[in-house]
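Please open the model in your viewer and keep the sequence panel beside it. The tour below moves from the whole chain to its sheets and then to single residues.

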Amino acid sequence: MSASTAASVDLGKSRCRVVMTDADGRVERAGIGAPGLAAAGGVDSALDAILPLLRDDRPELIGVGAAGAWMAPAAGQELSSRLAAASGAAVAVASDVVTAHAGALDGAAGVLLIAGTGAVALGIDADGARLVDGWGPELGDFGSGSWFGREALRAVLRASDGLAPSTSLTAAIAEPVGAPTDIQAWLARSEPLPRHLATLAPLVLDAAQAGDAVAAEIVAEGAQLLTATATAASALTADVVLHGGLTDHAWFRAYLTSSLQAAGRRVVPARGDAFDGALLLARRTDLPHERFVHRAE
């Protein structure tokens with residue numbers, strides 16, 4: 001690629017992806033991820049994940065969205081400085097949720113609501129920034145895919161013991177999980193558990209769409225929780241971009257959109273992705289995200 005190449009990095013815990021961009025277009029590369037900047041040795045692991053994907057290219061500009069940078073700003077600054085020294089590029093590092101927000105809203109104010117295996121909302125406006133939820137499956141991630149899966153299993157167990165109404169979810173989970181008596185064993189061998197629980201979420205959404213009353217009650221609560229998360233993230237802007245696997249379900253996306261509209265929010269389409277956001281933050285210093293960007297000194 002040409003000497004004017006720019007690199008956008010999405011560094012996750014499972015996978016690291018790099019998009020190289022120049023006048024001729026974009027090339028994407030992928031490799032192993034890193035445990036997160038907040039983990040022990042997080043910066044070393046991040047460099048080990050990113051540098052091989054740059055290969056022999058010498059980008060002039062590198063924008064990085066890194067898991068853990070929100071909680072470990074010192075590590076974000078260290079990664080920026082060391083990556084700049086190793087690559088010779090101008091480097092900007094931010095949390096992966098910040099680069100996703102910048103890309104989705106093209107650097108403007110608004111809320112990014114992520115509803116996938118976990119759930120989190122980032123709101124950035126003239127009043128500052130608020131990160132709401134994202135606390136993990138034990139303490140939060142309300143309305144996430146793992147939350148839906150857990151609620152489905154609870155509903156099946158309660159129905160099995162005569163504590164709650166029967167539900168079509170009992171039959172729906174039979175293939176991936178088994179009978180109600182198999183649930184505990186399935187949980188014990190499901191690692192990582194949140195991801196396995198999230199695989200059950202589409203079954204809940206489909207059952208609710210088909211009219212199952214128990215599933216519909218779960219969906220109503222999940223949408224209410226996600227709406228509360230999004231509205232808590234910003235009081236000064238109505239715009240919300242939806243992201244994550246749950247929002248790929250057309251019926252649930254429409255349901256959640258209606259819930260957000262009832263709360264005075266406006267769902268808008270994403271203008272770009274996390275790669276666009278990383279490059280945007282690397283190129284510009286006048287955005288409201290700047291306080292969360294770590295630049296090589």
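For the charge count, Lys and Arg are taken as positive and Asp and Glu as negative, while His and the chain ends are not counted, and each charge is placed at NZ of Lys, CZ of Arg, CG of Asp or CD of Glu. Select these side chains: the chain has 22 positive and 33 negative ones, and the centres of the two sets lie 2 Å apart. This is a predicted model, in which local features need pLDDT of at least 70 and side-chain atom pairs count only at pLDDT 80 or more, whereas totals for chains, interfaces and linings use all residues. Residues are numbered from 1 along each chain as its sequence is written, and side-chain values use heavy atoms, with hydrogens and water left out.

Along the principal axes, the C-alpha atoms fill a box of roughly 65 × 40 × 35 Å. If you colour by burial (buried is under 20% relative accessible area, exposed over 50%, partly exposed in between, with a 1.4 Å probe and protein chains only), buried residues account for 51% of the 297 residues.

Next, select the open sheet of 5 strands, which has mixed pairing and the order β8-β7-β6-β9-β10; strands count as paired if DSSP finds at least two bridges between them. Its edge strands are β8 (128–133) and β10 (266–267), each pairing on one side only. Within this sheet, β6 (residues 110–115) and β9 (residues 239–243) run parallel and are joined by 4 bridges, with V111 opposite V240 in β9.

Move on to the open sheet of 6 strands, ordered β3-β2-β1-β4-β5-β11, again with mixed pairing. Here β3 (25–32) and β11 (294–295) each have a single partner strand, so one side of each lacks a neighbour in the sheet. Strands β4 (residues 61–66) and β5 (residues 90–95) pair in the parallel sense over 6 bridges, and L61 has A90 in β5 as its bridge partner.

Finish with the backbone exceptions. Most residues other than glycine have a negative phi, and most peptide bonds are trans. R55, in the loop between α1 (42–54) and β4, has a positive phi of about 55 degrees and counts as exposed at 56% relative accessibility. D133, in strand β8, has a positive phi of about 65 degrees, yet D133 is buried at 4% relative accessible area. Lastly, select E191 and P192, which are joined by a cis peptide bond with omega of about -5 degrees; P192 sits in the loop between α6 (183–188) and α7 (193–198).

How values were computed: Helix = DSSP H or I, 4+ residues; strand = E, 2+ residues; numbered from the N terminus.
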